[in-house]
Amino acid sequence: MRIKVLNYIVFGIITLTLASCGNKTQSDFVYSKADKKVEMILENNAEYLVVGKPTKANFVTENIDNQKFMVFGAGIMVNQADKSGFRFTITPIEKTLVDGKLEIQVTERIENGENFTHKFLVPVKTKAE
């Protein structure tokens with residue numbers, strides 16, 4: 001009986017390990033601290049941006065005051081802000097990349113406390129790649 005239980009545990013661990021080895025998820029584009037959370041979602045669930053190519057992005061927030069929330073970085077244009085988050089178009093410019101990544105910073109200014117801030121490093125490919 002004990003060996004059978006161990007077999008189930010080992011099988012479960014192997015299954016979870018293999019499941020996590022699949023395609024990259026957007027987990028690199030999620031940041032949370034305490035009860036606050038921001039997630040950047042690129043159109044078509046893209047994992048990277050392309051230099052010179054506009055890509056739509058949504059920033060979905062939880063427990064963040066949208067009046068005090070800022071998103072900034074090179075090549076970002078605001079399209080819309082509503083209750084569910086912010087929509088942008090991001091067009092990376094090669095000369096603004098840092099080690100092949102675009103830095104996008106999000107910040108909620110908090111009075112009488114530490115600001116909620118995070119810097120997303122989004123992979124960027126050139127058109128030739």
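Guide: First, a cut-off: buried means under 20% relative accessible area, exposed means over 50%, and partly exposed is in between (1.4 Å probe, protein chains only). The model is predicted: local features need pLDDT of at least 70, side-chain atom pairs count only at pLDDT 80 or more, and totals for chains, interfaces and linings use all residues.

Visitor: Why is Asn45 called exposed?
Guide: Its relative accessible area is 55%. Helices (H or I, at least four residues) and strands (E, at least two) are DSSP runs, numbered from the N terminus.

Visitor: What makes the phi of Asn45 worth a look?
Guide: Phi is near 50 degrees, a positive value in a residue other than glycine. Most residues other than glycine have a negative phi. Ala34 also has a positive phi, near 55 degrees. Ala34 sits in the loop between strand S1 (30-33) and S2. At 81% relative accessibility, Ala34 counts as exposed.

Visitor: Why does Lys36 count as buried?
Guide: Its relative accessibility is 17%. That is under 20%, so Lys36 is buried. Lys36 belongs to strand S2 (residues 36-42).

Visitor: What does the side chain of Lys36 make a polar contact with?
Guide: The side chain of Glu108, at 2.9 Å. A polar contact is a pair of N or O atoms within 3.5 Å; within protein, one must be able to donate a hydrogen and the other to accept it, and residues adjacent in sequence count only if both atoms are side-chain atoms. Beyond four places in sequence, Lys36 is also in contact (heavy atoms within 4.5 Å) with residues including Tyr31, Ile64 and Phe116.

Visitor: How do you know that S2 and S4 pair?
Guide: Two strands pair if DSSP finds at least two bridges between them. Six bridges join S2 to S4, so they pair. They run antiparallel. Val38 stands opposite Thr61 in S4.

Visitor: What is the order of strands in the open sheet?
Guide: S3-S9-S8-S5, with mixed pairing. Strand S3 (49-50) and S5 are the edge strands, since each pairs on one side only. Two bridges join S3 to S9, and these strands run parallel. Leu49 has Val124 as its bridge partner in S9.

Visitor: What makes up the largest nonpolar core?
Guide: A nonpolar core is a set of buried Ala, Val, Leu, Ile, Met, Phe, Trp, Tyr and Cys residues joined through side-chain atoms within 4.5 Å. This core has 22 residues, and those with the most contacts inside it include Val38, Phe59 and Phe120. S9 gives the largest share, four residues.

Visitor: Why is the Tyr31 and Phe116 pair called tilted?
Guide: Rings of Phe, Tyr and Trp (its six-membered ring) pair if their centres lie within 6.5 Å; planes under 30 degrees apart are stacked, over 60 edge-to-face, and the rest tilted. Here the centres are 5.3 Å apart and the planes at 40 degrees, so the pair is tilted. Tyr31 is in strand S1 and Phe116 in strand S9, 85 residues apart. Phe116 is buried, at 3%.

Visitor: What makes the Phe59 and Phe88 pair edge-to-face?
Guide: The centres are 5.3 Å apart and the planes at 85 degrees; that is over 60, so the pair is edge-to-face. Phe59 is in strand S4 and Phe88 in strand S7, 29 residues apart. Phe59 is buried at 0%, and Phe88 is buried at 3%. Ring pairs link Phe59, Phe88 and Phe120 into a cluster.

Visitor: Why is Pro123 called partly exposed?
Guide: Its relative accessibility is 23%. That falls between the 20% and 50% limits, so partly exposed is the label. Pro123 is in strand S9. Pro123 and Lys101 are 22 residues apart in sequence, yet 4.5 Å apart in space, C-alpha to C-alpha.

Terms used:
Residues numbered from 1 in each chain as written. Heavy atoms only, no water.
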